[in-house]
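User: Hey, can you walk me through this one? I'd like to start with the strands.

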Amino acid sequence: MPSATPPAQPLPAERQSVLRTLRSPRLLKVEILAGLVTALALIPESMAFAIIAGVDPRVGLYASVVMAISIAFVGGRPAMVSGGAGATALVIAPLVAAYGLDYFIAAVILAGVFQVLLAAVGVAKLMRFIPRSVMIGFVNGLAILIFSSQFPELIGVPGLVYPLVGLGLLIVFLFPKLTRAVPAPFVTIVVLTVITASFALAVPTVSDRGELPESLPQLFIPEVPLNLETFQIIAPYALGMAFVGLLESLMTGKLVDDITDTHSNKTRESWGQGVSNMLSGFTGGMGGCAMIGQTMINVKAAGARTRISTFLAGVFILVLVLAMGEVVGMIPMAALVAVMVFVSFITFDWHSIAPGTLKAMPKSETTVMLVTTATTVITHNLAIGVGVGVLTAMVLFAHRVSRFAQVHREEHDGGSVTYRVEGELFFASSNDLYYQFDYAEDPEHVVINFADSHLWDASTVAALDSVVRKYESYGKYVEVTGLNEASAQMRERLTGRLGS
């Protein structure tokens, strides 16, 4: 009979190129509007994160301008948006309080250098060790943090804020049902700004966050001593910022990969983040990383797919704050609250908590997801959340695999006994190996057959040595058989050299 033709595998989506976008008015309009609405969302966020870091709001805006523009050229993930982020601001804030702005900027530049070095040694390849359940937990935790971060804008504010937020939510959720030609977040911001300005409503606006820049970013050389003492002061903060920034950027990049069904160069993104942070520091910016909330606005809410939107987001920030500062300052925070609530809604993986999914999913996978989500929310630190999630996944995996190893005993008429070991033996599964044998009652000749097993580490060799020595203490002979080539070589290399 002729062999059946295997079903064709689905091909990944073709990436939308910059050149193709520039030639298509329809696609270019999407990128332009996406860049504009992302810029409008970046302005108050960047100012707020600068305040968290303990620096002037303009330092946050300069960071977002420089990073968005530069990452559009040097980054590895098209359409992802980088800027002055809260995750990195929290890491480096104590340095500002203790040593001032110049040490802070020096640490930002050094963090960029560290990120370039980490990219060179292949840190981006570690992304393959992050399980899907950790990724879902990261996304859900981030969605909750985006949602909860809007609470301060709703507490102790005039009563008019609440109907404005309600109207904004109606627009941002319902407008896409009418048309997707214009991003719903952009419409929300415009409508609520017009209403607030027309009726002179006394509600919090963007201008309440602080002063907007009045000039272009300029070259900034931090005035710090170039010696070992300075390095010892800023290096721990710079290294922490580098790791947190890379982790959040790579996780966000992977999320955008999934949304767009395209692949991105994580190594290029890693050193691109480093270059952007160095440029940000040398122009007086606070540095940062990929901003998942603004990225979700750009990619998921506005439909952007190329570097054009990211580049324009940085350009629009500059144009808006320099040429239209008064207009931007009039945007009510209620409009941005509605947009960010919408972002949190579309970011959360609702399928992951559906009853059918939870019922079908292995308990260990659900546990890892919940631990990652809870840790991220409790600590407000994405790096800690992902780290604890990966550690939980490793422990549960090791526990699950350790139960796969089994020992079966077979007696023979000739006065011998054979123990057949099955499964993968490593530090978790081999710890109980010692207790699987009947040392006192077994005959003089004992065979331990590893034909259906594999020795993975020194812990297993040490456990096997203990078994052999125990039998020898009873004056019995042990024959080890069936080891595959790799296991035999490991045992030959390590036996007798691991102590008693």
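Analyst: Strand β5 (residues 445-455) and strand β6 (residues 477-481) run parallel, joined by 5 bridges. Strands pair if DSSP finds at least two bridges between them; helices (H or I, at least four residues) and strands (E, at least two) are DSSP runs numbered from the N terminus. This is a predicted model, where local features need pLDDT of at least 70, side-chain atom pairs count only at pLDDT 80 or more, and totals for chains, interfaces and linings use all residues. Residues are numbered from 1 along each chain as its sequence is written, and side-chain values use heavy atoms, with hydrogens and water left out.

User: How does the chain cross from β5 to β6?

Analyst: Through helix α18 (residues 458-473), in a right-handed β-α-β crossover. Right-handed means that, with the strands pointing away from the viewer, the path from the first strand over the helix to the second runs clockwise.

User: And what stands opposite Ile448?

Analyst: Val480 in β6.

User: Switching topic: is Ser344 buried or exposed?

Analyst: Ser344 is buried, because its relative accessible area is 6% (buried is under 20%, exposed over 50%, partly exposed in between; 1.4 Å probe, protein chains only). Ser344 is in helix α14.

User: What is Ser344 in contact with, sequence neighbours aside?

Analyst: Beyond four places in sequence, Ser344 contacts Ala143, Ile146 and Phe147, contact being heavy atoms within 4.5 Å.

User: Where is Ile353, then?

Analyst: Ile353 is in the loop between α14 (333-347) and α15 (355-360). Ile353 counts as partly exposed because its relative accessibility is 37%.
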